[in-house]
Amino acid sequence: MRHGKKVNHLGRKTAHRKAMLANMACSLIEHKRINTTVAKAKALKQFVEPMITKSKVDTTHNRRIVMASLRQKDAVTELFRDVAVKIGDRPGGYTRIIKLGNRLGDNADMAMIELVDYNEIYNAEKAKKKTTRRSRRGGTKPAVAAPVETQASNEEE
């Protein structure tokens, strides 16, 4: 049974797990996407999304909270300066996990975790959807339909 099991320990001691997640979060912030195992990606998602939410409000207190978890000044600076500006209007769900298949060496489930707003492929489709095409036939239908109805009514009389 898994009662009360909220944290995936990833087969590591607490200090090792926290250091690994901090390093992975810094890499994710720096490179915008990283490849890792599915279990680590899910653990990283729970670790990094609250920090991205904190970065929306740039206060000294929030910077100190994030700095205590990330432990790298450059990553905190980039998170508050670049990432927070780009995801400012998004209410959550800042990361996406895409499964990649199994690793050749040990057959581990691999995944790519990325920041959602930095994916050009998905965002390009949204930009295309904003432009709508209007049919030219839409305006001519009533003009064509009216004479046809009058001719049909004249033939019946």
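1. Where is asparagine 107 found? Asparagine 107 lies in the loop between S2 and S3. Its phi is positive, about 65°, although the residue is not a glycine. With 53% relative accessibility, asparagine 107 counts as exposed, because the cut-off for exposed is over 50%. The model is a predicted one, and the backbone angle here should be read as a property of that model.

2. Leucine 10, in the segment before H1, has a phi near 60°, a positive value in a residue other than glycine. Is leucine 10 buried or exposed? Leucine 10 counts as buried, at 13% relative accessibility, because buried means under 20%.

3. On the overall make-up: the protein chain has 6 helices and 3 strands. Read from the N terminus, the order of elements is α-β-α-α-α-β-β-α-α. Of its 157 residues, 31% count as buried. The chain exposes about 11,300 Å², and carbon and sulfur atoms supply 52% of that area. Among contacts with a separation of 6 or more, 55% are between residues 24 or more positions apart.

4. The largest nonpolar core has 31 residues. Which of them touch the most other members? They are Leu44, Phe47 and Leu70. Two or more residues of this core come from each of helix H1 (14-31), helix H2 (38-55), helix H3 (60-70), helix H4 (73-86) and strand S3 (109-115). In soluble globular proteins, nonpolar side chains tend to be buried together.

5. Apart from neighbours within four places in sequence, phenylalanine 47 is in contact with Leu21, Ala22, Ala25, Ser69 and Leu70. One of these partners, Leu70, is itself among the residues that touch the most other core members.

6. Leucine 28 sits in helix H1 and is buried, with a relative accessible area of 0%. Its contacts, leaving aside neighbours within four places in sequence, are Arg33, Ile34, Leu44, Val48, Thr95, Ile113, Glu114 and Leu115. Leucine 28 and valine 48 are 20 residues apart in sequence, and their C-alpha atoms are 9.0 Å apart.

7. Threonine 95 belongs to strand S2 (residues 95-102). Is threonine 95 buried or exposed? Its relative accessibility of 5% makes it buried, because the limit for buried is under 20%. The side chains of threonine 95 and glutamate 49 are joined by a polar contact of 2.6 Å. Beyond neighbours within four places in sequence, threonine 95 is in contact with Leu28, Lys45, Val48, Glu49, Ile113, Glu114, Leu115 and Val116.

8. Helix H4 can be checked for length and for bending. At 1.5 Å a residue, its 14 residues should span 20 Å, and this agrees with the 20 Å between its end C-alpha atoms. H4 also has a kink of about 40°, centred on leucine 79. Leucine 79 is one of the buried residues of H4, which are Ala75, Val76, Leu79, Phe80, Val83 and Ala84. An α-helix has 3.6 residues a turn, so residues three or four places apart point the same way. Against which elements do the buried residues of H4 pack? They pack against H1, H2, H3 and S3.

Notes
Residues numbered from 1 in each chain as written. Predicted model: local features only at pLDDT ≥ 70, side-chain atom pairs only at ≥ 80, totals over all residues. Heavy atoms only, no water. Core = buried A, V, L, I, M, F, W, Y, C linked by side-chain atoms within 4.5 Å. Buried < 20%, exposed > 50% of the residue type's maximum accessible area, 1.4 Å probe, protein only. Helix = DSSP H or I, 4+ residues; strand = E, 2+ residues; numbered from the N terminus. Contact = heavy atoms within 4.5 Å. Polar contact = N/O pair within 3.5 Å; in protein donor to acceptor, adjacent residues only side chain to side chain. Areas by Shrake-Rupley, 256 points an atom, 1.4 Å probe, with all protein chains shown as cover. Expected span 1.5 Å × (residues − 1). Bend = angle between axes of the 7 residues up to and from the residue.
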